Amino acid sequence: MGRSDEPPRLPGGSYATWSRDRLEAARRGAEECGDVWQLESGIYVAAAAAPCEEVLHRARDFPKAPSPLFPPLKRSSGAPAPEERAHAHAARMHGLRAQAVADRIGEIAPRTARFADQWPTGQDVEILPPVRHALAEIGVHYLFSEDAPALQPHAAQLFLAREVLVRPSRWLPPRWMPTPARRFRTRQQVAFTDALRAVVRRRRSSGRLGDDLLGQMLRPSPRYGLLPEEAVLDTLPGITVATFETPSRAAGWILLHLARHPRAAARVAAEAAALPVDPATTTRTHLRGLPYTEALVSEVLRLYPPSWLLTRSAPRQTRLAGYTIDAGSTVLVCPYTAHRDAREYAEPDRFLPERWLDDTGSPAKPGVFLAFGTGPHGCEGAALAMAMLTVLTAQTARRYHLSEPPGQGPGYQVTTLEGLATVGLRLRATVRD
């Protein structure tokens, strides 16, 4: 067990092991070793809810490394200044906060209804590709409105670049190495950025900045002034992919649970019956009228968080849950095990959407919830993701009974960096009476 101030170590663990073994190692470590444990030299895992939440809130002690997926392209002015990053974050959040998302729910709902209407009935369908396409349309439109059609193909290529870049591998090359996957990523990022640059310049020259998220970023801030063009362009490739990549993984699990829990699906359908016939007239009031649907989405995200593992660093020696964490170490925060902590959730392995509602049927928060992270680096698009998933779930359940084809069901594995997704998910839709 080591010294009393060292976390216990799980024999046979390896940070380089990808696929389902890594997920099972996290669960086994939580059961055998406790709240915090050592996976290998310099790699610690926060498995229980309390230390997971603590790490994410202690951003100075456990900072988040810059994402290697879409790093800022080289520019003559050098790296973005802290003020630029703060301005860009504030501008994005003007368009991504819950109130702003609710105000635009009438733009989101029609595309979720179109997805449901186009589902082929009476046949087994591999559902994740059309789900991802529908959510990509929603996400890109939310960011860029009338300019979305021109940027949609580039967004699809960015997603493909991400998938190629994070394909499971037992060897992680140094960041400076120009691998084929990284060169492909850079080409797609440049293509997207060039297309977006033309949009930015046209909007600024015409004075019609738009009311979408891009328009929010183009408006001058009373505190920071006008955000430089490169600062706008740097931040949007990652945001664009994030609007549909993580929600797509979550949607797979949600649709699978609708198929496996018909009573819960029927309750969602009954609630969704109050949605307007014309989805474009959906309002924030209609969204508030889906508490059980939102509870079901939250429960699925609790059991199968699409980002099941979050990575943080420890630049200096610090303490966590009574243990010493050495300087230079990596700390892995595991929402998958935190969400199954019996100290936070009664019967943590059971699917119980009702736990997210109080006695009056209003939304409640039963325990630590890290599906979108928390603290200073929590997911900026959490409100948008929840709205997209809630309305898509309601529109689908209102129209169809879902069922799995006979035989072995889908598996689960790490298919993207720190991502948990259904694999080979096929479902059949039957029109609901």
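What percentage of the 433 residues in the chain is buried? Buried residues (under 20% relative accessible area, with a 1.4 Å probe and protein chains only) make up 53% of the chain.

This is a predicted model, in which local features need pLDDT of at least 70, side-chain atom pairs count only at pLDDT 80 or more, and totals for chains, interfaces and linings use all residues. Residues are numbered from 1 along each chain as its sequence is written, and side-chain values use heavy atoms, with hydrogens and water left out.

Start with the whole chain in cartoon view. It has 15 helices and eleven strands, taken as DSSP runs (helices H or I, at least four residues; strands E, at least two) numbered from the N terminus.

Next, select L287, E294, P363, M386 and T390. Of the 23 residues lining the second largest pocket, these lie nearest its centre. A pocket here is an open set of points on a 1 Å grid over the protein atoms alone, where a 1.4 Å probe fits, with protein on both sides within 12 Å along at least five of seven lines; lining residues have an atom within 4 Å of a point.

Now colour α4 (98–103), α12 (284–288), α13 (291–303) and α15 (382–399), the elements that each give two or more residues to this lining. The largest share, five residues, comes from α15.

Last, select P71, in the loop between α2 (49–57) and α3 (82–96). Show R185 and Q189 as well: P71 touches both, not counting residues up to four places away in sequence, where contact means heavy atoms within 4.5 Å. The C-alpha atoms of P71 and T235 are separated by 8.7 Å.

Note on methods:
Buried means under 20% relative accessible area, exposed over 50%, partly exposed in between (1.4 Å probe, protein chains only).
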